[in-house]
Amino acid sequence: MAHEVIQTAIGSFPTPIAKPSSVFLDYLGQVSASSTAQLIAVFMDEAKQNIGILFINNEGGFDSMFIPPSALAADNALTGFTGGVAVVNIESGMKISGKAIPLGVSMMHELGHAKQYIEKPAWFENNYAAAMKVTKGVNQPKLDIENDNLARHEAPVLKELGLPFRLKYD
Ligand SMILES: [Zn+2]
């Protein structure tokens, strides 16, 4: 198993929600009818890297996101997550075309970023570093990461579940 559902407050991270492992299984179940979601789950389990999965709520203070290893390097407690950490805020679900999207899809979006990182680490880290430097206007390096993730992971999952999807990040 190359994923680790984070159970306690570690390093600089906020405290996870209660019973995170059952939330993880619940969210996997929400997307199990999607072959792309199954592919992402298998990729995650077969990866040599350790992908952290952190479930938070709004008290955690931030939205769902993927944190690559470069951004964990300064915190000794977090360097074991060699595949990065997927953060899922369970109070921050997506809406597409006015329809509420199951949080399992948000989890697959963030795990899709972990897959991107593992497949092409230099591409991911270079775009991530460049995106962090953009302070105004269109953040193209961020859009490059996001739109690749939508095209290969999020949109196929949504389509396979019969839900509305987006091909451009907003
Ligand atoms: Zn994203």
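User: Where is the place of Lys19, between which strand and which helix?
Analyst: Residues are numbered from 1 along each chain as its sequence is written. You're looking at a predicted model: local features need pLDDT of at least 70, side-chain atom pairs count only at pLDDT 80 or more, and totals for chains, interfaces and linings use all residues. Helices (H or I, at least four residues) and strands (E, at least two) are DSSP runs, numbered from the N terminus. Lys19 falls in the loop between β1 (3-5) and α1 (20-30).

User: Is Lys19 buried or exposed, or partly exposed?
Analyst: Count the other C-beta atoms (placed from the backbone) within 10 Å of a residue's own: 20 or more means buried, 12 or fewer exposed, and anything in between partly exposed. Lys19 has 13 within 10 Å, so it is partly exposed.

User: What is the phi of Ser97 near?
Analyst: Most residues other than glycine have a negative phi. Ser97 lies in the loop between β5 (95-96) and β6 (99-100), and its 9 C-beta neighbours inside 10 Å make it exposed. Lys19 has a positive phi near 50°. For Ser97, also not a glycine, phi is positive and near 50°.

User: What radius of gyration does the protein chain have?
Analyst: The C-alpha trace spans about 40 × 40 × 30 Å along its principal axes. The radius of gyration is taken over C-alpha atoms, and the globule rule is 2.2 Å times the number of residues to the power 0.38. For 170 residues a compact globule would come out near 15 Å, and the protein chain agrees with that, at 15 Å.

User: What share of the contacts with a separation of 6 or more comes from residues 24 or more positions apart?
Analyst: Two residues are in contact if their C-beta atoms, placed from the backbone, lie within 7 Å. Among the protein chain's contacts with a separation of 6 or more, the share from residues 24 or more positions apart is 70%.

User: Which element gives the largest share of the core?
Analyst: A nonpolar core is a set of buried Ala, Val, Leu, Ile, Met, Phe, Trp, Tyr and Cys residues joined through C-beta atoms within 7 Å. The largest one here has 35 residues, and Leu54, Val85, Ala86, Val87, Met108, Leu111 and Ala114 touch the most other members. Elements that each supply at least two residues include α1, α2 (35-46), β2 (51-56), β4 (85-89) and α5 (140-160). The largest share, seven residues, is from α3.

User: Which residues is Leu111 in contact with, leaving aside neighbours within four places in sequence?
Analyst: Leu111 is among the α3 residues that meet Ala37, Ile40, Phe43 and Met44 of α2. Setting aside neighbours within four places in sequence, the contacts of Leu111 are Ile40, Met44 and Ala86.

User: How are α2 and α3 oriented to each other?
Analyst: Axes are lines fitted to C-alpha atoms, for helices over the stretch in contact, and angles run from 0 to 180 degrees between N-to-C directions. The angle for α2 and α3 is about 50°, with the axes 10 Å apart. Angles under 35 degrees count as roughly parallel, over 145 as roughly antiparallel, 65 to 115 as roughly perpendicular and the rest as oblique. So α2 and α3 are oblique.

User: At what angle do α1 and α3 pack?
Analyst: α1 and α3 pack with their axes 7 Å apart, at an angle of about 95°. That makes α1 roughly perpendicular to α3. The residues in contact are Tyr27, Leu28 and Gln30 of α1 and Leu103, Gly104 and Met107 of α3. To repeat the angle, it is about 95°.

User: How many Å separate the C-alpha atoms of Ala131 and Pro141?
Analyst: Ala131 lies in helix α4 and is partly exposed, with 16 C-beta neighbours inside 10 Å. Asn139, Pro141 and Lys142 are its contacts once neighbours within four places in sequence are left aside. Ala131 and Pro141 are 10 residues apart along the chain, and their C-alpha atoms are separated by 5.1 Å.

User: Which residues does Arg166 touch, not counting those up to four places away in sequence?
Analyst: Arg166 is in the segment after α5, and its 15 C-beta neighbours inside 10 Å make it partly exposed. From C-alpha to C-alpha, Arg166 is 6.2 Å from Ala155, 11 residues away in sequence. Not counting residues up to four places away, Arg166 touches Ile96, Leu150 and Ala155.
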